[in-house]
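Here are my notes on this model, jotted down as numbered points. Have the structure open while you read.

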Amino acid sequence: MKYLVCTSFAALLASQPSLALAENVNGKALYSERCAVCHGPDIKGTGPLAKKSNPSTPDLTTPAFKQRLNDYPGVIVSSVILRPNGNLIPKTLQENGVKIPAHVWSVKDFRDLHEYMVGVIAKKP
């Protein structure tokens, strides 16, 4: 069922028009508020909680991850929200006293976050 939801979501996401990276304020805000605490501002797994989860937070700028973002647009971001990793993210946040407010995700949010991450990875030296 999760696979069907992810693939359907990916098809919907891919059909949406893309924002220019410079205009992607929403994606940057979502990433900064919801992801950077573990993945860091550089998306390399350098956030303050990166080494406090088990397994440790991955570097999302690797060639393998970049390829996954290209092959499965939207699936990576949406699958994190759907939590295939069980309780890893909420548990890590709770154990470290970090509170991130609940968020009602829209298709635009998923798309914007995906586009922002792709843009940051593309800037990797």
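**Notes on the model**

1. Contacts first: residues 24 or more positions apart account for 65% of the contacts in the protein with a separation of 6 or more, where contact means heavy atoms within 4.5 Å. Keep in mind that this is a predicted model, in which local features need pLDDT of at least 70 and side-chain atom pairs count only at pLDDT 80 or more, while totals for chains, interfaces and linings use all residues. Residues are numbered from 1 along each chain as its sequence is written, and side-chain values use heavy atoms, with hydrogens and water left out.

2. On secondary structure, the protein has seven helices and zero strands, so the pattern along the sequence reads α-α-α-α-α-α-α under the definition used here: helices (H or I, at least four residues) and strands (E, at least two) are DSSP runs, numbered from the N terminus. Of the 125 residues in the protein, 37% are buried. The accessibility classes are buried for under 20% relative accessible area, exposed for over 50%, and partly exposed in between (1.4 Å probe, protein chains only).

3. How do H2 and H7 cross? The axes of helix H2 (residues 25–34) and H7 come within 7 Å and cross at roughly 85 degrees. The two are therefore roughly perpendicular to each other. Axes here are lines fitted to C-alpha atoms, for helices over the stretch in contact, and angles run from 0 to 180 degrees between N-to-C directions. Angles under 35 degrees count as roughly parallel, over 145 as roughly antiparallel, 65 to 115 as roughly perpendicular and the rest as oblique.

4. As for who touches whom in that pair, H2 brings Asn26, Gly27, Lys28, Leu30 and Tyr31, and H7 brings Lys108, Asp109, Asp112, Leu113, Tyr116 and Met117. By class, the contact of H2 with H7 has five nonpolar, two polar and four charged residues. For the classes, Ala, Val, Leu, Ile, Met, Phe, Trp, Tyr, Cys and Pro count as nonpolar, Asp, Glu, Lys and Arg as charged, and the others, Gly among them, as polar.

5. H7 also packs against H4. The axes of helix H4 (residues 63–71) and helix H7 (residues 107–122) come within 11 Å and cross at roughly 140 degrees, which means that H4 is oblique to H7. Phe65, Lys66 and Leu69 of H4 make the contact with His114, Met117, Val118 and Ile121 of H7. Sorted by class, the residues of the contact of H4 with H7 are five nonpolar, one polar and one charged.

6. Now the inside. The largest nonpolar core has 17 residues, and Tyr31, Ile43, Phe65, Leu113 and Met117 touch the most other members. H2, H4, helix H5 (75–82) and H7 each supply at least two residues of this core, with the largest share, six residues, coming from H7. A nonpolar core, for the record, is a set of buried Ala, Val, Leu, Ile, Met, Phe, Trp, Tyr and Cys residues joined through side-chain atoms within 4.5 Å.

7. What does Tyr31 touch, not counting residues up to four places away in sequence? The list is Ala36, His39, Gly40, Pro41, Ile43, Leu113, Tyr116 and Met117.

8. Ile43 sits in the loop between H3 and H4 and, at 0% relative accessibility, counts as buried.

9. Lys44 lies in that loop between H3 and H4 and is partly exposed, with a relative accessible area of 33%. Leaving aside neighbours within four places in sequence, Lys44 is in contact with His39, Pro58, Asp59, Leu60 and Thr61. The C-alpha atoms of Lys44 and Thr62, 18 residues apart along the chain, are separated by 8.3 Å.

10. Where is the cis peptide bond? Asn54 and Pro55 are joined by one, with omega about 10 degrees. Asn54 is found in the loop between helix H3 (36–39) and H4, and is exposed, with a relative accessible area of 70%. Between the C-alpha atoms of Asn54 and Ile89, 35 residues apart along the chain, the separation is 9.7 Å.

11. Last, Pro63 lies in helix H4 and counts as exposed at 67% relative accessibility. The C-alpha atoms of Pro63 and Ile121 are 58 residues apart along the chain and separated by 9.4 Å.
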